[in-house]
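Subject: Structure for you to look at

Hello,

I am handing over the structure below. Please have it open while you read the notes that come after it.

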Amino acid sequence: NPRYLYSRAVVNYYAAFYDQALADAKGCAAMLSSYDTELLLGSICQKMRKFHDAESHYMVASYMCPSRITPLYRLFRLYEEQGDSSSMVEIGRRLLDKPVKIQSRETRAMRLDVRRTIEQ
């Protein structure tokens, strides 16, 4: 059941059991690939310092839902963690240029964080 595996992956992720979280999330993705699963896989890989894999999952999530800014924000933070300032700024500018369909507190916070980080 993909919902069960996804839920278990989330629990393991927050418990910092990244190997098990990765196995569960991959099992879930094998049955049903989704935007949320790709974001979760990216987060798990980032915690495990598998930066290339994390980048790939965030990019897939961005392609699945091009109007959403969360995958771009996660890429922005990933590049910052790696010290790749040119990619970080490029993705940050893409995020800031992307029109927002529905304003939310999370969206405003991400955009403000990106703007402040780029301006520093």
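Predicted model: local features only at pLDDT ≥ 70, side-chain atom pairs only at ≥ 80, totals over all residues.

Residues are numbered from 1 along each chain as its sequence is written, and side-chain values use heavy atoms, with hydrogens and water left out.

Core

The largest nonpolar core contains 31 residues. A nonpolar core here is a set of buried Ala, Val, Leu, Ile, Met, Phe, Trp, Tyr and Cys residues joined through side-chain atoms within 4.5 Å; buried means under 20% relative accessible area, exposed over 50%, and partly exposed in between (1.4 Å probe, protein chains only). Ile44, Leu75, Leu95 and Val114 have the most contacts inside this core. At least two of its residues come from each of α1, α2, α3, α4, α5 (70-82), α6 (85-97) and α7. Helices are DSSP runs (H or I, at least four residues) numbered from the N terminus. Beyond its neighbours within four places in sequence, Leu95 is in contact (heavy atoms within 4.5 Å) with Ile69, Leu72, Tyr73, Arg111 and Val114.

Pockets

A pocket is an open set of points on a 1 Å grid over the protein atoms alone, where a 1.4 Å probe fits, with protein on both sides within 12 Å along at least five of seven lines; lining residues have an atom within 4 Å of a point. Points are joined across faces, edges and corners, and a volume is the space filled by probe spheres set on them.

The largest pocket has a volume of about 300 Å³. It is lined by 13 residues, of which Ser67, Arg68, Ile69, Ile102 and Thr107 are the closest to its centre. Helix α7 (residues 105-119) gives the largest share of this lining, three residues.

The second largest pocket has a volume of about 150 Å³. Its lining includes Tyr6, Tyr13, Asp36 and Arg74. The elements that give two or more residues to this lining are α1 (2-14) and α3 (35-47).

Backbone

Most residues other than glycine have a negative phi. Ala16, in the loop between α1 and α2 (18-31), has a positive phi of about 65°. Ala16 is partly exposed, at 42% relative accessible area. Arg49 also has a positive phi of about 65° and is found in the loop between α3 and α4 (51-64). Arg49 is exposed, with a relative accessible area of 54%.

Regards
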